[in-house]
Each structure stands twice: as structure tokens, then as C-alpha cells.
Amino acid sequence: MALLLSLSSFTTYNVTDKKDILSELELVRLNEHVSEIKSFTAANRGYNKKIAFLVDMKIKSGKNRFFVYDLENERIIDQGLVAHGSGSETGIKGDILQFSNAPNSNCTSLGRYSVEKSYKGVFGKAFRLAGMDQTNNNALKRAIVLHCYKEVPDDEKEYYIINSHGCPMVSELFFKRLEKIIDSSDSKIMLSVYY
């Protein structure tokens, strides 16, 4: 019930039709991962069937690539910038990335995550992420968490944003909006990071 109240009072930010937000290829990738999430949540209790988070790492870091998705109404209800791990850089700044699940790699790991309980850490409140795939099952060991950082801008930029140590790191303002959704959910929200 709390999630319904939160969603009904939730204001969408910089969002129109998802076709206006994403290119055709980006939309195909997003829809593929939305379908996977819907199939998983339908077959597994304890996961949110209304909201999911999706991150498309093919989109440059200066552009919105973290999407809050309404699974029931099939639309993006919020979006923001998100940093990738510094270890994911290949020398071609932001254009070609590499991914790893290895400890100390500072890489982003692809795959599905379950957004877990919050804690107070170096960056303030953060949410633990449990990796659900072979490609990210070391997330808890690696301390990969969803957190904010003051150097991540709120708005899209024509340049690449700061990198993280492998965590999905967002702006303080965007984090507050995500936090409201996560804290009001009675079930775990899935985050899918893909390329």
C-alpha cells in the first residue's frame, strides 16, 4: 500500500514517452530486460512486480541511462545519470567498456541485482546490491552498492561524468527519488545492468 501511495504521489522527471527518450536500439535492449524482469518476478515471490530499475551501459555516462520503470503501465517514470566503474574504462573514454565480477577490479558488473537493505557508509545512506547472476554474484563481497556522490551531476552533460569503484553511483537529487521508491516498497526491487 505504501508503494502505491508513493507511486501515486511520485512526480516524473524529464520523462515523456519512452520512444522519445531512447533510440530504437536502446528501446529494444530496455524491452528485452523488462521482459526478463517480468518473467522473473512472476515466478519468484518477494520481488516487486510494479517497479524495476534498469541501467543501459551502452549509453554514454553524461546521458541519462538509469531508468525507473513502471512494469504495470510499461513506461519510464524517472531517469538519471549513473557512473560506471573506473576499471570498466578501456582507454576509449566511455565508448567501449569492459566488465568484471572480480574483486578489486573497480569494474561495473553486468546482470540482475536485488536491491537490499540500506546502511550508512562513507557516502551516507546506500543500498546493498545482491548479484543474481554469474556475472555479478560477487557484488556483496565487492561491496557494490547503490549510492550517491556529490560530483555526479543532476542533469545530462555533453561530457563524461566521474567514475566509481564499480558501484552504480548517482546524483544526490536522483538518489533521494530512488530512496523514496525503495523505502516504500514491501518487496525487493530488481536492478538490471546491461550492455
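Predicted model: local features only at pLDDT ≥ 70, side-chain atom pairs only at ≥ 80, totals over all residues.
**Exercise 1. Find the salt-bridge partner of Asp-133, and say where both residues sit.**

*Solution.* Begin with the whole structure: a search finds eight salt bridges. One of them is the pair in this task. Asp-133 forms a salt bridge with Arg-112. Their closest N and O atoms are 2.7 Å apart. Now locate the two ends. Asp-133 is in the loop between β5 (124–131) and α4 (139–142). Arg-112 is in strand β4, residues 111–121. The pair links distant parts of the chain, 21 residues apart. Then check the cover: Asp-133 and Arg-112 are both buried.

**Exercise 2. Work out which residues are joined with Lys-125 in one salt-bridge network.**

*Solution.* Take one contact at a time.

- Step 1. Lys-125 meets Glu-179 in a salt bridge, at 2.9 Å from N to O. Lys-125 lies in strand β5 and Glu-179 in helix α5, so this pair ties together parts that are 54 residues apart in sequence.
- Step 2. Lys-125 also meets Asp-183 in a salt bridge, at 2.6 Å from N to O. Asp-183 is in helix α5 too, and here the two residues are 58 apart.
- Step 3. The salt bridges share partners and join Lys-125, Glu-179 and Asp-183 into one network.
- Step 4. Lys-125 is partly exposed, with a relative accessible area of 27%. Asp-183 is also partly exposed, at 44%.

Side chains of opposite charge can pair when their charged atoms come close.

**Exercise 3. Give the strand order of the sheet, and say which strands stand at the edges.**

*Solution.* Read across the sheet. Eight strands form an open sheet in the order β3-β2-β1-β8-β4-β5-β6-β7. The pairing is mixed. Now look at the two ends of that order. β3 (75–80) and β7 (169–170) stand at the edges. Each has a single partner strand, so one side of each is left without a neighbour in the sheet.

Then look at a parallel pair. Strand β1 (residues 47–56) and strand β8 (residues 188–194) run parallel, joined by six bridges. The bridge partner of Ala-52 in β8 is Met-190.

**Exercise 4. Decide whether strand β2 is enclosed or open, and trace its neighbours.**

*Solution.* Count the buried residues. Strand β2 spans residues 66–70, and five of the five are buried, so β2 is largely enclosed by the rest of the structure. Next, sort the directions. Phe-66, Val-68 and Asp-70 point one way from β2, while Phe-67 and Tyr-69 point the other way.

Now follow the pairing. β1 and β2 pair in the antiparallel sense over five bridges. Phe-53 stands opposite Val-68 in this pairing. β2 and β3 also pair in the antiparallel sense, over five bridges. There, Val-68 stands opposite Asp-78 in β3.

Finish at the turn. β2 and β3 form a hairpin with four residues between them. Glu-74 in the turn has a positive phi of about 55°.

Terms used. Residues numbered from 1 in each chain as written. Heavy atoms only, no water. Salt bridge = Lys/Arg side-chain N within 4 Å of Asp/Glu carboxyl O. Buried < 20%, exposed > 50% of the residue type's maximum accessible area, 1.4 Å probe, protein only. Pairing = 2+ DSSP bridges.
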